[in-house]
Amino acid sequence: MGFLTVVVAADLTAEQKSTIRANAMQCTQQEGNTKEQAIALRNGNFDDADDKVKCYANCFLERAGFIVEGQINGDAVLQKLAPAAGADQVKAALATCASIKGANKCDTGFQIYRCFYKNRAWA
């Protein structure tokens with residue numbers, strides 16, 4: 001189950017939910033994190049994030065189209081999250097989070113995820 005499942009589940013179609021679950025499973029297989037680590041991330045527990053968790057967060061954001069070649073794709077984020085969280089909230093999170101750069105690709109994805117979570121881009 002991916003972190004966005006809880007975030008916008010109420011406003012997603014069955015097909016969208018299925019895609020999110022598939023992306024989450026593929027990223028877990030690719031990055032080697034545990035299901036428990038994915039759930040902790042989804043629930044906003046960022047304290048124990050290791051490299052696998054950071055790479056999982058980046059993988060998921062890439063598969064969602066939110067990060068492309070290391071950059072936030074603001075149009076995709078707005079299109080996919082605004083219906084649930086509200087356009088103004090998502091735009092504010094984008095303004096705050098768009099310029100974040102971590103130590104590497106995985107750290108950048110993780111920090112962007114954390115920033116969106118803390119700025120309530122997910123409803």
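**Exercise 1. Sketch the fold.**
Work out which helices and strands the chain has, and in what order.

*Solution.* Start with the tally: seven helices and two strands, where helices (H or I, at least four residues) and strands (E, at least two) are DSSP runs numbered from the N terminus. Next, walk along the sequence and you'll get α-α-α-α-β-β-α-α-α.

Before going on: this is a predicted model, in which local features need pLDDT of at least 70 and side-chain atom pairs pLDDT 80 or more, while totals for chains, interfaces and linings use all residues. Residues are numbered from 1 along each chain as its sequence is written, and side-chain values use heavy atoms, leaving out hydrogens and water.

**Exercise 2. Compare with D51.**
Is D51 buried or exposed?

*Solution.* Begin at helix α4, residues 51-63, where D51 sits. Its relative accessible area is 60%, so D51 counts as exposed.

**Exercise 3. Zoom out.**
What share of the chain is buried, and what share of the contacts between residues at least 6 apart in sequence join residues at least 24 apart?

*Solution.* Of the 123 residues, 42% are buried. For those contacts, the share is 60%.

Conventions
Buried means under 20% relative accessible area, exposed over 50%, partly exposed in between (1.4 Å probe, protein chains only). Contact means heavy atoms within 4.5 Å.
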